[in-house]
Amino acid sequence: MMNRDPMRERPRGRAAAATERERIFAERLSLFKRVYRWLNLTLIQLGVWPLLVALALAPAAPLALTPMPWYLVRVAAPAFAALLAWVYLAQRPDARSSIAVDPPMPRGTLPPLRQQAAFLLPGLAVALSIARVAMGPPDLALKLLLFGIADTAAYQLIHFGVVRRSWPDEESGNLAAVGFFSLSWAIRQSIAAAATPVNESLAVAALAGGAIGLVIGGLSLLLRRWPGGWLPAAALQLILTTLLFATL
């Protein structure tokens, strides 16, 4: 029976430990890149306008009452964040669809009920948009609607596009998308609370925003599963956040 040579096995142990350290470092670096990518897009979407209000004397007015050309700058922030997310997704194609959770189905293969459901929420969003503008004032309603579309596009592309694709598998990507969706909404509510003259608790605002984001993100994920695709999820967010509960 041959005896083990500890001096011969020691380099192997050191090599295995070094490999494990490299693996842990690579995983942490990958996680940092995912979070950093989300944070950059979110800060562009949510942080540009408050920064302009604080440093560039932009008017701290309600969205629909923001004067031109400041309103265009306000809309440009989420629109630019959505554009950056779209460019990232276009440059890094993936086998998994960044738009729909389920694999895309050929035209004509959707069951009738699912096909009707896929157009129900977008049709409702269009009808409510027309009614909102008709109720007036048209210019204020159009301002609100335009910003809502840009903001919805940013949320959906960042979270169910960039964030979801950044994770290695579909299940963890979906959970991360909903979780960061909730966190982003908590940041939004905290910024809004800090900007109001009334003393509001930032912790309460963050918790309320996180709950709202969790609900909208969870519903978006469900709609991406059934009836499928990005349009019903985006339409629901636009209906809830802009057409029903937003005030002029």
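In this predicted model, helix H3 passes helix H7 in a left-handed crossing. H3 runs over residues 112-135, and the two helices pack at an angle of about 30°, with their axes 8 Å apart. An angle under 35 degrees counts as roughly parallel, so that is the label for H3 and H7. On the H3 side, the contact is made by Ala118, Leu121, Pro122, Leu124, Ala125, Leu128, Ser129 and Arg132. H7 answers with Leu231, Pro232, Ala235, Leu236, Ile239, Thr242, Leu243 and Leu244. Sorted by class, the contact of H3 with H7 comes out at 13 nonpolar, two polar and one charged residues.

H7 also packs against H4. Here the axes of H4 (residues 138-166) and H7 (residues 231-244) come within 9 Å and cross at roughly 135°, which makes H4 oblique to H7. The crossing of H4 past H7 is right-handed, whereas that of H3 past H7 is left-handed. From H4, the residues in contact are Leu144, Leu145, Gly148, Ile149, Asp151, Thr152, Tyr155 and Gln156. They meet Ala233, Ala234, Gln237, Leu238, Thr241, Thr242 and Leu243 of H7. As for the make-up of the contact of H4 with H7, there are eight nonpolar residues, six polar ones and one charged one. Leu113, Arg114, Ala117, Ala118 and Leu121 of H3 make the contact with Leu223, Arg225, Trp226, Pro227 and Gly228 of H6. Seven of the residues in the contact of H3 with H6 are nonpolar, one is polar and two are charged.

The peptide bond from Trp226 to Pro227 is cis, with omega near 5°, and Pro227 sits in helix H6 itself. Another cis bond links Met68 to Pro69, with omega near 0°. Pro69, though, is found in the loop between H1 and H2. That loop between H1 and H2 also holds Leu57, whose phi is near 55°, a positive value in a residue other than glycine.

The largest pocket holds about 1,300 Å³, and 35 residues line it. Closest to the centre of the pocket are Leu63, Arg74, Phe147, Arg188 and Ala192. H1 gives the largest share, at seven residues. In terms of class, the lining of the largest pocket has 24 nonpolar residues, eight polar ones and three charged ones.

Definitions and conventions:
Residues numbered from 1 in each chain as written. Predicted model: local features only at pLDDT ≥ 70, side-chain atom pairs only at ≥ 80, totals over all residues. Heavy atoms only, no water. Axes fitted to C-alpha atoms, helices over the stretch in contact; angles between N-to-C directions. Helix = DSSP H or I, 4+ residues; strand = E, 2+ residues; numbered from the N terminus. Parallel < 35°, antiparallel > 145°, perpendicular 65-115°, else oblique. Left-handed = near helix turned anticlockwise from the far one by under 90°. Contact = heavy atoms within 4.5 Å. Nonpolar A, V, L, I, M, F, W, Y, C, P; charged D, E, K, R; others polar. 1 Å grid on protein atoms, 1.4 Å probe; cavity = no way out; pocket = protein on both sides within 12 Å on 5 of 7 lines; lining within 4 Å. Points joined across faces, edges and corners; volume = space filled by probe spheres on them.
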